[in-house]
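Colleague: I'm new to this one. Could you walk me through how to read it?

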Amino acid sequence: MDSETEESLKKRQKKNPFAGDSSRKQLELIAMRPFQLMGEVSFLQEEDIRLETTRARFANIIKRHAELAERLSRDSDKMIFERLQKEFEAARASQTQEVYLDGEDWNDGLLATIRERVHMEADRKAMTGDLNVLGHNSEDKITYRAGNKVICCLEGARIGIQYETSFAGEPCELYHCVLESKSFLEKMTVLEHTIPFFLPIREAENDLLSSNAMRFIDYVGELLQAYVDRREQVRLIKELYGNQIGELYHSLPYHMIEFVLDDFDCKVTVSLRYADLICVLPTRVRVFTWPTKKNGAVGSLPSPARLSYAEDALRTMSLPEAYAEIVLNLPQAIRQIFQDTSST
């Protein structure tokens, strides 16, 4: 039996001479597996983090889209505007004086005086219970105008600011912002407003209103006027040159604008970015062209060419003026690009 066992072992070794090596390799693989598993776990964790980040961003986009759809679908903003507009009109109709503030006349001291007045009137009204107490102090009914802002004292210890926007000297929309504070010593808050929801009114309130109410009021006016200015510039080029513009995209606050000119001997793409929402002129401009073989132009460009003169015009002129400058000098710029390309 022993000889038979020895022969069977010899036969197995002949069939698999590397059996010992295979066993060692298996042991090495087993020893390495914890490190491999740790690497795989780390990789999977990183993948999970990236996926969770993507999911969170996508969920935020869906949430913002739903809020936007809801906001645009209801007419509460219109009702607020109509109510506030009537209140402002009534306050201005009953005023005894409108004071025009120029330069340093509009300051923190005056704003403090306005705040004190509205709180005194509210306290007097609460003490007497007379709903028409403001009518017995007609000498105090003063409305202030500072630039594009009209500042009124409203009932209920409120200060109302009406913003009058314009474009090219023509009046545009009116916007309202009502400030309130519980007492003269407490900070003011935005009670209600008719400012477009995509402009950062709440951020401005958090950053400015508690520390510098005058700066907050001025900043909101700059924000609204700049938005209207950018919007009207886009509206005007669509109205004047709509047949030459193939595509036009913009963000809600008009701080990102892109359009394409394709009614010429070439295709021109324009990309505008505004670093701040109070900017009227773009801070980042990119204009590229893809010339084609037309009107005697020889050859074609292997890659888009940058139109520096157009970018300079867009940085220094209003959009309609810059557009006219671009179109006027475009044929010469294209010829120059072809000459430079052919010479090289």
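This is a predicted model: local features need pLDDT of at least 70, side-chain atom pairs count only at pLDDT 80 or more; totals for chains, interfaces and linings use all residues.

Colleague: What is the order of the strands in the open sheet?

Modeller: In general, strands of a sheet pair through backbone hydrogen bonds, either parallel or antiparallel. Here six strands make an open sheet in the order E1-E2-E3-E4-E5-E6, with mixed pairing. Strand E1 (97-100) and strand E6 (189-193) are the edges, each pairing on one side only. Strands (E, at least two residues) and helices (H or I, at least four) are DSSP runs numbered from the N terminus, and two strands pair if DSSP finds at least two bridges between them.

Colleague: How many bridges join E2 and E3?

Modeller: Three: E2 (residues 142-146) and E3 (residues 149-154) pair in the antiparallel sense. Arg145 has Val150 in E3 as its bridge partner.

Colleague: Which strands does helix H6 lie across?

Modeller: H6 (residues 213-241) lies across E3, E4 (158-167), E5 and E6, at about 25° to E4. Axes are lines fitted to C-alpha atoms, for helices over the stretch in contact (heavy atoms within 4.5 Å), and angles run from 0 to 180 degrees between N-to-C directions.

Colleague: And which residues of helix H7 are buried?

Modeller: An α-helix has 3.6 residues a turn, so residues three or four places apart point the same way. In H7 (residues 308-316), Ala310, Glu311, Ala313 and Leu314 are buried (under 20% relative accessible area, 1.4 Å probe, protein chains only). Seen down the axis of H7, they fall within an arc of 160°, so they line one face of the helix; that arc is taken from the directions from the helix axis to the C-beta atoms.

Colleague: How many aromatic pairs are there?

Modeller: A pair of aromatic rings is described by the distance of the centres and the angle of the planes. The whole structure has five aromatic pairs. Rings of Phe, Tyr and Trp (its six-membered ring) pair if their centres lie within 6.5 Å; planes under 30 degrees apart count as stacked, over 60 as edge-to-face and the rest as tilted. Phe198 and Tyr227 are edge-to-face, 5.4 Å centre to centre with 65° between the planes. Phe198 is in the loop between E6 and H5, and Tyr227 is in H6, 29 residues apart.

Note on methods. Residues are numbered from 1 along each chain as its sequence is written. Side-chain values use heavy atoms; hydrogens and water are left out. Buried means under 20% relative accessible area, exposed over 50%, partly exposed in between (1.4 Å probe, protein chains only).
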